[in-house]
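Hi,

Here is the structure I promised to pass along.

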Amino acid sequence: MIDKINELSRQVEAFAPKTTAEIEEFRIRLLGKKGELTALMEAFKGVAPELKRELGQKLNALKTAALNRINALREEVGRAAELQAAAAGDLTRPGSAEELGSRHPISLVKNQIVEVFARLGYTVAEGPEIEDDRHVFTKLNFAPEHPARDMQDTFFIERRGEEPSADDILLRTHTSSIQVRTMEHRKPPIRVICPGRVFRNEAISYRAHCIFHQIEGLYIDEGVSFADMKQSLLYFAKEIFGEQARIRMRPSYFPFTEPSAEVDVSCNLCGGKGCAVCKGTGWLEIMGCGMVDPNVLKASGIDPEKYSGFAFGMGIERIAMLKYGVRDLRLYFENDVRFLHQFDKAL
Ligand code: DAH
């Protein structure tokens, strides 16, 4: 019996199958009902008591070794077969469905806004996110001591000194810098819409983020009036919020426009009657605007005696929040697919 055990142990060790069928055949030959190892187990019952201990241990060791080897080989051969099938392009393998993505709500709204102004003859202009003070502040008529230039708001990359300098390098805090770049390079008539990412040193909360998106608009030509601006922005509001939308303008201040205004749109949730979203006023603030200050035109080489124009700027997140009823700004940046999938069917 000991010889037989040794012989089978050698076979187990030397066994090198190529297919799972060979492994199964081997298992049955050893461990099947009429298998050789099964027969040895059976014969063990009749072994003399003084030999039982040694033979029993050997038999058990053989059985464990055989089972382990069979299991290990099954995995190995299975994996090799899979790799081979993949390399050969096994046409019987089940296909894997490609998941379709959807556009991010910020892109959706940006595209809609760009489209609305494209119908009015505006073309898209872009500019760098890393800017100099000259394009973000100085040429937009910001006084050197203006608080918006402060470290509290602006992420600086390189400062020339303690005092603000037009050569300071920073992350743009608004897309109005693209206005300046456009005026520097083009002659009126100018009609551009400028989408982009902007950066401000703000604590992140449901209503503020240090990175967000804006769209800037600029129209310069001979004889452009405040009435032209009002009509263009009313058209925009109706296209984005629906035919029933109305706008109102409140006097405001920006260094780069004179006069300046804040634009409100009638609350699309309560229809202007007053609700929690519009805080009972019936109006929602959507953008800033104004007639381009003559100093801004002059700074970029456009003659303010001949030309006039208007500009406006809005936060895309804010428009998207109002349009889709999103209450927390952070949702736009977390990219939780449960949030994003809600926009699958949007335009
Ligand atoms: N740049 C302003 C901001 O970031 C928005 C703005 C207001 C842009 C009035 C304009 C404008 O072009 O005329 O808050």
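Let me start with a proline: Pro 259 lies in strand E8, residues 257–266 (helices, H or I with at least four residues, and strands, E with at least two, are DSSP runs numbered from the N terminus). The peptide bond that joins Glu 258 to Pro 259 is cis, with omega at about -5°.

Before I go on, the housekeeping. This is a predicted model, so local features need pLDDT of at least 70 and side-chain atom pairs count only at pLDDT 80 or more, while totals for chains, interfaces and linings use all residues. Residues are numbered from 1 along each chain as its sequence is written, and side-chain values use heavy atoms, with hydrogens and water left out.

Back to the backbone. Another cis peptide bond joins Pro 188 and Pro 189, with omega about 0°; Pro 189 sits in the loop between H7 and strand E5 (190–199). Then there's Lys 279, in the loop between E8 and E9. Its phi is near 50°, a positive value in a residue other than glycine.

Now the ligand. It is surrounded by 15 residues, and the closest are His 174, Ser 176, Arg 200, Gln 214 and Glu 216 (a residue counts as near if one of its heavy atoms lies within 4 Å). By type, the shell splits into five nonpolar, eight polar and two charged residues (Ala, Val, Leu, Ile, Met, Phe, Trp, Tyr, Cys and Pro count as nonpolar, Asp, Glu, Lys and Arg as charged, and the others, Gly among them, as polar).

For the side-chain N or O atoms facing the ligand, the distances are:

- Glu 216: 2.6 Å to a ligand oxygen
- Gln 214: 3.0 Å to a ligand oxygen
- Ser 176: 3.0 Å to a ligand nitrogen

On its own the ligand exposes 360 Å², and the protein buries 88% of that (accessible areas by Shrake-Rupley with a 1.4 Å probe). Helix H7 (176–185) and strands E6 (211–221), E9 (283–292) and E10 (308–315) are the elements giving two or more residues to the shell.

Last, a helix pair. Helix H1 (residues 2–14) packs with helix H3 (residues 36–44) at about 155°, their axes 11 Å apart (axes are lines fitted to C-alpha atoms over the stretch in contact, and angles run from 0 to 180 degrees between N-to-C directions). That angle makes H1 roughly antiparallel to H3, the term for angles over 145 degrees.

Cheers

How values were computed. Polar contact = N/O pair within 3.5 Å; in protein donor to acceptor, adjacent residues only side chain to side chain. Parallel < 35°, antiparallel > 145°, perpendicular 65-115°, else oblique.
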